[in-house]
Amino acid sequence: MSEKKIMLEARNVDVFYGEFQAIKNIDMKIKENSVTAFIGPSGCGKSTFLRVLNRMNDYVEGFALRGEIEINGEKIYRKSVKVEELRKEVGMVFQKPNPFPKSIYDNVAFGLKIQGITDKAFIEERVINSLKQVALWDEVKDQLKKSALALSGGQQQRLCIARTLAVEPSVILMDEPTSALDPISTSKIEELLHELKKKYTIVIVTHNMQQAARVSDDTAFFYMGELIEFDKTDKIFTNPSMEKTENYITGRFG
Amino acid sequence: MKVKEMIIEKLLFLCASISVLITVGIILVLLLDTFEFFQEVSFVDFITDKKWTPMFKDKHFGIGSLLAGTFLTTVIAVGVAIPIGLSIAIYLNEFAPKGFRKRIKPALELLAAVPTIVYGFFALTVVTPFLKQFIDIDSFNALSAGLVMGIMIIPYISSISEDALYAVPKSLREAAYGMGTTRLQTAFKVTIPAASSGIIVSIILAISRAIGETMIVAIAAGQKPTLTLDPTETIATITSFIVQVTTGDVEHGSIEYKSLFAAGITLFLFTFMLNNISYFIKKKYQEKYD
């Protein structure tokens with residue numbers, strides 16, 4: 001498996017919010033078509049690092065980044081990179097389901113329409129495919145015109161994933177995507193990740209260590225803004241090389 | 001202790017009822033004199049007559065002329081205030097640095113705090129002479145009164161709309177950015193639609209304010225009821241007619257006197273209707289975010 005292509009590479013990345021250094025000198029390589037979990041206690045920098053990967057922190061006041069991040073061979077913090085283009089390539093799913101107050105159909109079609117695509121048949125095909133990929137199609141196919149806000153939380157989150165898939169990104173970032181959901185919805189989304197990684201590269205922040213163990217191929221443990229350990233998930237959870245990692249996953253702190 | 005509580009309770013109830021009673025009283029008085037007015041003037045004439053001349057020998061009571069004046073100045077004012085007010089709201093909400101937004105908002109609201117007589121004077125002595133350099137325009141005209149009134153109601157639109165935009169959950173905005181929208185696309189495709197009910201409320205309140213505005217039109221638009229939609233002409237609005245009559249010496253109980261109430265209740269009906277529509281929209285909108 002080691003011959004998999006590197007999709008995402010971070011080199012010497014430091015992140016500052018004003019005076020505060022949130023990320024300290026992180027190096028990381030993430031392979032294509034894999035699920036990578038970011039774990040660590042609250043405030044360890046895992047969410048910050050995730051949001052750096054599609055430049056979601058650009059508008060945060062005082063934000064500054066040093067180092068280099070390369071996704072799919074492109075240095076994403078270069079001046080010439082259009083941040084809007086980057087975010088189409090690197091989609092994001094958030095902690096709380098956040099569908100637009102529009103119909104189910106319009107939610108999934110949103111990204112395509114933003115790109116200026118007007119071919120109705122094309123859009124419809126993408127919408128249907130995306131909804132099928134997240135296993136939501138059978139539940140909503142008769143009510144595509146209904147408001148997305150009428151769906152349950154779990155359905156809303158799958159809709160948000162479908163919305164991201166519709167623009168066919170190469171990387172999907174997920175920021176604790178199941179923390180606001182019930183166990184059944186959570187397991188549906190976890191199943192989904194196994195399917196999705198065949199086509200996409202997935203990075204998921206989670207507070208739930210069992211989840212990280214269940215869904216990911218690789219796991220990164222963050223602590224106080226540093227990347228303490230990054231390895232195969234099996235190794236991290238059965239035989240971590242760092243004491244801090246072991247203390248955290250065995251529940252001694254965090 | 002119990003007695004004290006009771007007294008306070010009763011006092012509070014009294015205060016609350018006073019405002020309701022006064023409103024009811026005003027409506028009753030308006031209705032009563034309006035009723036008497038329509039004993040002498042037929043309702044059909046009131047609606048269809050093309051002239052409004054209660055102070056002349058040849059009396060006509062066609063409210064249309066006053067409505068046309070009110071409509072004209074209001075449309076001009078709203079035409080100025082909506083684009084400017086909304087642009088300000090979108091800029092402050094989506095683009096302006098946080099500190100700037102905090103400082104500029106109260107400054108903008110000052111526009112609504114300028115005494116309207118000052119605006120009226122400004123329209124008459126600055127705006128009209130300025131317009132005269134470019135177009136053939138009466139010394140009293142609907143255009144300059146409407147323009148200045150538009151400036152006055154900008155903060156109604158910008159401030160309330162901005163509050164509505166600000167209330168759109170951050171998660172929605174992030175969802176849009178996450179899909180690769182630009183800031184402008186975020187505003188137009190996500191935050192504005194999500195805040196649309198609040199924005200509509202702000203526009204209705206501004207219209208309501210413009211319809212009821214008195215001083216600016218009384219000073220700058222003139223006092224000649226004219227059934228026209230030409231903004232360069234001298235006109236009279238419902239409010240400016242009321243000012244004209246109440247500041248003159250009209251005999252109590254005369255038909256001129258009663259025409260005041262007929263005009264007044266027409267005005268009241270319009271603002272009452274608009275306020276209710278905005279209340280209705282507001283209520284629907286609050287449900288959405290609960």
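Okay, before we start, one definition: two strands count as paired if DSSP finds at least two bridges between them. Keep that in your head, and keep in mind too that what we're looking at is a predicted model.

So, chain A. How many strands are in its open sheet, and in what order? There are four, the order is 2-1-4-5, and the pairing is antiparallel. At the edges you'll find strand 2 (20-31) and strand 5 (74-75) of chain A, each with a pairing on one side only.

Let's go to strands 1 and 4 of chain A. Strand 1 covers residues 6-17 and strand 4 covers residues 63-71, and eight bridges join them in the antiparallel sense. If you want a pair to click on, take A:Leu8, whose bridge partner in strand 4 of chain A is A:Ile71.

Now for some charge. Side chains of opposite charge can pair when their charged atoms come close. Over all chains, this structure has 25 salt bridges, and I'll show you a few.

One is between A:Glu68 and A:Arg11, with the closest N and O atoms 3.0 Å apart. A:Glu68 sits in strand 4 of chain A and A:Arg11 in strand 1 of chain A, so this pair ties together parts that are 57 residues apart in sequence.

Another one is A:Arg55 with A:Asp58, where the closest N and O atoms are 2.9 Å apart. A:Arg55 is at 13%, so it counts as buried, while A:Asp58 is at 26% and therefore counts as partly exposed. And there's a network as well: salt bridges with shared partners link A:Glu9, A:Arg11, A:Glu68 and A:Glu70.

Nine residues from domain 1 of chain B and nine residues from domain 2 of chain B make the contact.

How much area do domain 1 and domain 2 of chain B bury between them? About 910 Å², and 80% of it is on carbon and sulfur atoms. On the domain 1 side, the residues that lose the most area to domain 2 of chain B are B:Leu30, B:Asp33 and B:Phe37, together 52% of what that side buries.

Charge turns up here as well: between domain 1 and domain 2 of chain B the count is two salt bridges. Have a look at B:Glu36 and B:Lys258, which form a salt bridge with their closest N and O atoms 3.6 Å apart. The count of residue pairs in polar contact between the two domains is two.

Last stop, B:Leu205, in helix 9 (residues 196-212) of chain B. What does B:Leu205 touch, leaving aside its neighbours within four places in sequence? The answer is B:Ile160, B:Asn275 and B:Ser278. B:Ser278 is 73 residues from B:Leu205 in sequence, yet the C-alpha to C-alpha distance is 7.2 Å. And B:Leu205 counts as partly exposed because its relative accessibility is 24%.

How values were computed: Residues numbered from 1 in each chain as written. Chains lettered and ligands numbered in written order. Predicted model: local features only at pLDDT ≥ 70, side-chain atom pairs only at ≥ 80, totals over all residues. Heavy atoms only, no water. Helix = DSSP H or I, 4+ residues; strand = E, 2+ residues; numbered from the N terminus. Buried < 20%, exposed > 50% of the residue type's maximum accessible area, 1.4 Å probe, protein only. Contact = heavy atoms within 4.5 Å. Buried area = accessible area lost by both parts, 1.4 Å probe. Salt bridge = Lys/Arg side-chain N within 4 Å of Asp/Glu carboxyl O. Polar contact = N/O pair within 3.5 Å; in protein donor to acceptor, adjacent residues only side chain to side chain.
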